[in-house]
Amino acid sequence: MPHPVRIGVDLGGTKTEVIALAPDGREIYRKRTPTPSGDYEAQIALVVRLVAELEQAVGGVGTVGVGIPGAVSPATGRIKNANSTWLLGKPLDRDLAAALGRPVRLQNDANCLAVSEATDGAGVGCDVVFAVILGTGVGGGIVVRGWPLTGKNAIAGEWGHTQLAWREDSERPGPACYCGLHGCLETLLSGPGVAADFRAATGRSMNGEGIVALSVEGDSQAEAALQRYESRLARGLATVINILDPDVIVLGGGLSNIDRLYRNVPAIWDRWVFSDRVDTPLRKAVHGDSSGVRGAAWLWPPTPS
Ligand SMILES: [Zn+2]
């Protein structure tokens, strides 16, 4: 007997969100509250309270999937690579399972985006989905036939901290990244990255949305910045196509709302893909900001009908 309700929990750095999905994927409950930053015990207690309230409201017990900006280390069973530093080193999945009295599936938030879009979004019907978050940070996730690839080190798809490929001299060494290296894709393709690139080139402060608006008005510096962004995104994704050759690439996060990316990036990426033609679709996430928490819920996949 499958569980009637799937519960997704998104443990963000600033907000903790829960949703409930009906078996057909309809969202039947949602609540978002501030994350008790810095307090691990309070984070666990908050999830327990939110799940209890949700189950009270929808009248059923659900499966629980959790998305976090980090990963469970296969070697230690503890959280690593999380910018929510109070989670680092904690056996979060085990502690949540104990507190909730049921098994809990936990995945990186980019993997959750990929699961969401593969299950009932832009990657429906595709065997291999590569999904990217272009937001405050840059991450990636790989889903194969509905299941997220975790990997030996739990970093499968961790594309944001690979270096921009086929760099021009002007792109060396690239911006310093908090991970200790230079020129990581995250430093160039994230929201802060594109703003920093524009400021360095023009002396003007503008976010991605503002740069797009300026280019529409005919601002040549904004247009040049967007072309740099598109070239870098194309080179980053060409590397993915060369290694994984996914059936679809899905973009999520704030910068995925730049519509011209879906025309301009596939128009140039064949230069770096080792193939006579490139048929890979590049699509915007269907579920937008909800994809992370929906994907967490879908970590308990739909039963085949
Ligand atoms: Zn880095």
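**Reading the loop and the metal site**

Analyst: P173 lies in the loop between β10 (147–148) and α4 (185–189), where helices (H or I, at least four residues) and strands (E, at least two) are DSSP runs numbered from the N terminus. This is a predicted model, in which local features need pLDDT of at least 70 and side-chain atom pairs count only at pLDDT 80 or more, while totals for chains, interfaces and linings use all residues. Residues are numbered from 1 along each chain as its sequence is written, and side-chain values use heavy atoms, with hydrogens and water left out.

User: Which atoms are the protein donors of the zinc ion?

Analyst: Donors are N, O and S atoms within 2.8 Å of the metal (3.2 Å for Na, K and Ca), and sites may look incomplete because water is not among the atoms. Here they are H161 (ND1), C177 (SG), C179 (SG) and C184 (SG), lying 2.1 to 2.3 Å from the zinc ion, with the spacing H-x15-C-x1-C-x4-C along the chain.

User: Is C177 buried or exposed?

Analyst: Buried means under 20% relative accessible area, exposed over 50%, and partly exposed in between (1.4 Å probe, protein chains only). C177 is buried at 9%, whereas C179, at 36%, is partly exposed.

User: What is the peptide bond from R172 to P173?

Analyst: Most peptide bonds are trans, and most residues other than glycine have a negative phi. The bond from R172 to P173 is cis, with omega near -5°, and W166, in the loop between β10 and α4, has a positive phi of about 50°.
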